[in-house]
Amino acid sequence: MKKKNKIWLGFTLTSALLTGTSLGGYYYTMEHFEPALYHEERIVINGDTLSQAEFAERIEKENGVWYYQAPEDSSKIDLYALSDYKIKGDRRYRLYQNLELEKSVDTILVKRDNQEKKLYYFYGPNDSISNLPSMGSMDWNKLNIRHFVSDDPKIQAQLEIYNNALNCTEDHEKQHFKGAQAGLMRSGRSYETVFGDNCMDEVAANIAQLMRQRRNYQQHGEDEKYITPRFNFYKEWLKKASHSEEAKYSPSSLKTIFADTCMCEISDSIAEFLKWRQGFVNKGGQIPLGYKFYDKWLLRFPFQAENISVEEAAFIANGVFDSWKKEKFPIYIKRNADRAIYILREANYNGCQDNPKEHAQLMHQVFLIEGIDFYQFIEGREQEFINDLPQKQQERFSSLLKIKKNQMSYFEKVGQLTQNSPTKKDIHFQNVKRKHEWNKLTNKILGRGR
Ligand SMILES: [Zn+2]
């Protein structure tokens with residue numbers, strides 16, 4: 001071998017090793033940050049299953065975009081589009097957008113068994129159950145209301161509170177439908193969040209139901225029978241409120257309203273506050289400096305709606321939340337956990353991640369009932385349901401998430417790790433290509449062949 005060639009070979013090896021050292025460190029760092037991407041053994045694209053080397057061999061950057069070139073096909077596949085951050089699983093949500101409600105009413109005959117002193121509920125002549133069935137149901141767009149009838153006037157009188165005229169079942173069930181249309185069937189939330197939202201869905205349905213009962217109460221000369229025992233806390237409140245105007249604005253109810261949202265101490269003098277509030281209305285909306293916190297509220301709260309005060313709306317939101325959590329939550333835990341799994345059934349790993357900003361928007365949308373945004377009074381309280389999720393359900397959720405993580409495709413991983421960043425995507429595919437070229441080069445020099 002001539003001296004010149006020796007020098008050349010020496011130079012090549014030295015530079016290759018030098019580059020190798022720095023590249024080695026560089027790849028180490030990249031692999032550290034994107035381990036899932038670099039240890040991907042199989043990449044499925046265009047119906048082909050490839051090794052990373054085969055994939056890298058066929059990718060090329062053209063006009064600033066990375067493409068995959070299928071061997072026996074002249075078309076190019078845009079890798080940026082393919083690795084878009086995808087959250088699968090909104091098929092059912094989209095179906096909801098075009099659904100219209102279909103309402104039906106079932107008459108349930110109620111008979112007393114005198115020996116057992118028990119009531120039996122008949123769907124058909126022979127089809128009876130011994131427990132009170134639910135007053136209605138909502139399955140997709142099928143709204144079903146149950147109407148309870150008895151030939152015994154005494155029993156009939158007892159049953160009235162379950163019928164729509166008093167119970168306002170239809171408003172409750174319709175709210176579930178509205179919630180689904182607003183996005184409660186959407187992915188893009190964690191299992192835990194969906195579970196909490198399923199509970200919030202019930203809270204919203206109960207608020208809608210109570211708002212209708214409240215309207216019936218007002219339209220029938222404040223007849224108390226229009227507020228059913230389901231909302232006893234509100235009936236009690238009405239009684240107090242009618243005794244004195246001051247009771248409506250009790251310090252505790254005001255505390256509920258302002259404590260979280262306003263980050264300010266509530267004035268000890270409720271009377272002073274009320275005076276100001278009246279002044280605000282009289283002066284056409286001038287807010288004194290000391291009450292600036294009220295600003296944000298006024299913007300979001302239509303005072304004219306339903307002839308309801310901010311205080312009462314806040315009381316209804318929190319009262320329904322508290323009573324539902326106390327009385328119904330334990331019964332609903334399993335059902336709502338199952339439902340979370342059902343809602344996220346088609347979602348991939350990316351679709352089971354939280355997005356707090358979008359979530360807050362969804363909640364405000366769901367709780368927009370009769371023009372009032374009730375969520376502003378109970379914002380964030382869904383966390384209370386999530387905090388009380390039993391360990392067994394938590395474990396179900398985390399094992400399902402693990403399975404989804406293992407099922408992620410290479411492109412889903414790229415999408416997840418590089419979302420909203422074309423630069424990151426560029427760097428990733430560039431690294432895949434460079435690493436491949438480097439492996440080819442070293443193999444050639446070391447005579448390993450390919
Ligand atoms: Zn419900």
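Helices (H or I, at least four residues) and strands (E, at least two) are DSSP runs, numbered from the N terminus. This is a predicted model, where local features need pLDDT of at least 70, side-chain atom pairs count only at pLDDT 80 or more, and totals for chains, interfaces and linings use all residues. Residues are numbered from 1 along each chain as its sequence is written.

**Around Gln419**
- Gln419 sits in the loop that links helix 21 (410-418) and helix 22 (422-445).
- In space, Gln419 lies 5.6 Å from Tyr85, C-alpha to C-alpha, although 334 residues separate them in sequence.

**Strand 10 and its partners**
- Strand 10 (residues 142-149) runs parallel to strand 6 (residues 102-113), joined by eight bridges; strands pair if DSSP finds at least two bridges between them.
- Within strand 10, Arg146 stands opposite Asp106.
- Strand 9 (residues 136-139) pairs with strand 10 in the antiparallel sense over four bridges, and Lys142 is the bridge partner of Asp139.
- The hairpin of strand 9 and strand 10 has two residues between the strands, and Trp140 in the turn has a positive phi of about 50°.

**Helix 8 against helix 17**
- The axes of helix 8 (residues 169-184) and helix 17 (residues 356-366) come within 9 Å and cross at roughly 155°; axes are lines fitted to C-alpha atoms over the stretch in contact, with angles from 0 to 180 degrees between N-to-C directions.
- Gly179, Ala182, Gly183 and Leu184 of helix 8 make the contact with Leu362, Gln365 and Val366 of helix 17 (C-beta atoms, placed from the backbone, within 7 Å).

Key
Contact = placed C-beta atoms within 7 Å.
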